Amino acid sequence: MTTEYSGSGDPKRSMELLWGGPERPRRGPKPKLTVDQIVQAAIEIADAEGLPALSMRRVADELGVTAMSLYTYVPGKAELIDVMFDTVHARAATPEDDQGDWRSRLERLARENWDRYLRHPWLLQVATSLPVLGPNSVAKYDRELTVVAGLGLTDIEMDLLVGLVSDYVHGAVRGAVEAAQMQRRTGMTVQEWWERFAPLLEQVFDAERYPVAARVGAAAGAEHDAPADPARSFEFGLQRVLDGIEAFVRSRAGQQGLAERP
């Protein structure tokens with residue numbers, strides 16, 4: 001699903017766009033656009049059609065300007081994607097952020113990430129192994145770390161736990177995004193597709209050869225009225241991940257308690 005890589009442009013220019021930098025001299029009339037306007041137009045295109053549909057020319061057409069004029073604001077598509085990625089992670093602090101225990105707060109953040117992917121499915125098309133960190137991405141990371149701070153974990157363990165939850169959501173949401181994209185492209189719901197496909201499968205599937213798959217698959221299909229339910233799978237998996245983290249936190253607390261005994 002990946003089509004773009006963060007940090008593939010000029011990192012200096014991306015950092016200037018994200019964090020602010022020295023004003024670049026301009027000639028001619030007063031600028032008609034802002035970087036924010038360009039970024040918002042690009043996000044709307046990507047939300048609706050995915051990153052393959054995004055180009056500087058397409059953004060320019062949406063804004064009613066020439067493609068060349070955009071380059072006076074943003075050097076290229078790669079840097080634009082860096083700013084888009086950071087922009088959709090913006091979120092104001094809320095009173096709810098500090099409410100509840102660490103598990104409930106971490107769960108809320110996981111759901112927040114899930115919802116963000118559903119609003120901006122193109123995020124799954126951006127590889128971030130070499131991220132260009134902007135202010136919103138750093139604030140998100142700090143907010144997540146704050147949730148697991150004070151649990152007796154090392155800094156590395158805190159980083160790993162935050163990464164674990166983030167990676168889980170990233171993987172789990174793919175099914176929901178792909179189902180929504182399939183429905184939009186084919187005009188069929190998952191249930192409608194399954195009703196068309198199931199009779200064909202019955203003609204070739206040997207239940208005696210695959211007895212466990214036949215039994216469990218039939219039960220799951222009857223339960224979900226589809227091959228799978230991505231939202232339910234996410235809910236089930238999230239609780240199991242949180243159970244594992246809770247067990248790990250308790251074990252670390254027990255180890256520290258033993259170490260502190262005289």
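How are α2 and α5 oriented to each other, roughly parallel or roughly perpendicular? The first legend gives the answer. The model shown is predicted.

**View 1. Helix α2 meets helix α5.** Helix α2 covers residues 35–49. The axes of α2 and α5 come within 10 Å. They cross at roughly 80 degrees. An angle of 65 to 115 degrees counts as roughly perpendicular, and α2 and α5 are therefore roughly perpendicular to each other. On the α2 side, the contact is formed by I38, V39, Q40, A42, I43 and A46. On the α5 side, L80, V83, M84 and T87 take part. By class, the residues of this contact are 8 nonpolar and 2 polar, with no charged residue.

**View 2. Helix α5 and its cover.** Helix α5 spans residues 77–87. Of its 11 residues, 9 are buried, so the helix is mostly covered. The buried residues are A78, E79, L80, I81, D82, V83, M84, F85 and D86. What lies over them? The cover includes the strands β1 (4–5) and β2. It also includes the helices α1, α2, α3 (56–63) and α7.

**View 3. S14 in helix α1.** S14 lies in helix α1, which runs over residues 11–19. Is S14 buried or exposed? S14 has 0% relative accessibility and counts as buried. Leaving out residues up to four places away in sequence, S14 touches E79, D82 and V132. E79 and D82 are among the buried residues of α5. For a sense of distance, take S14 and A42, which are 28 residues apart along the chain. Their C-alpha atoms are separated by 16 Å. A42 is one of the α2 residues that meet α5.

**View 4. Helix α5 against helix α7.** The axes of α5 and α7 are 7 Å apart. The two helices pack at an angle of about 40 degrees. That makes α5 oblique to α7. The crossing of α5 past α7 is left-handed. Which residues meet here? From α5 come F85, D86 and T87. From α7 come P135, N136 and S137. The contact has 2 nonpolar, 3 polar and 1 charged residues.

**View 5. S137 in helix α7.** S137 lies in helix α7. At 13% relative accessibility, S137 is buried; the cut-off for buried is under 20%. Beyond residues up to four places away in sequence, S137 touches F85 and D86. F85 and D86 both belong to the buried residues of α5.

**View 6. Helix α7 crosses helix α8.** Helix α7 comprises residues 135–148, and helix α8 comprises residues 155–186. Their axes come within 9 Å. They cross at roughly 115 degrees. That makes α7 roughly perpendicular to α8. The crossing of α7 past α8 is right-handed. Helix α7 brings Y141, E144, L145 and V148 to the contact. Helix α8 brings M158, D159 and V162. What kinds of residue build this contact? There are 5 nonpolar and 2 charged residues, and no polar ones.

**View 7. V147 in helix α7.** V147 is another residue of helix α7. V147 is buried, with a relative accessible area of 4%. What does V147 touch? Apart from residues up to four places away in sequence, its contacts are W102, R105, L106 and L109. These numbers fall within the range of helix α6 (102–119). V147 and D243 are 96 residues apart along the chain. Their C-alpha atoms are separated by 16 Å.

**View 8. H120 in a loop.** Where is H120 placed? H120 sits in the loop between α6 (102–119) and β2 (126–127). H120 is a buried residue, with a relative accessible area of 12%. The side chain of H120 makes a polar contact with the side chain of D47, at 2.8 Å. Not counting residues up to four places away in sequence, H120 touches I43, D47 and V88.

Methods. Residues numbered from 1 in each chain as written. Predicted model: local features only at pLDDT ≥ 70, side-chain atom pairs only at ≥ 80, totals over all residues. Heavy atoms only, no water. Axes fitted to C-alpha atoms, helices over the stretch in contact; angles between N-to-C directions. Helix = DSSP H or I, 4+ residues; strand = E, 2+ residues; numbered from the N terminus. Parallel < 35°, antiparallel > 145°, perpendicular 65-115°, else oblique. Left-handed = near helix turned anticlockwise from the far one by under 90°. Contact = heavy atoms within 4.5 Å. Nonpolar A, V, L, I, M, F, W, Y, C, P; charged D, E, K, R; others polar. Buried < 20%, exposed > 50% of the residue type's maximum accessible area, 1.4 Å probe, protein only. Polar contact = N/O pair within 3.5 Å; in protein donor to acceptor, adjacent residues only side chain to side chain.
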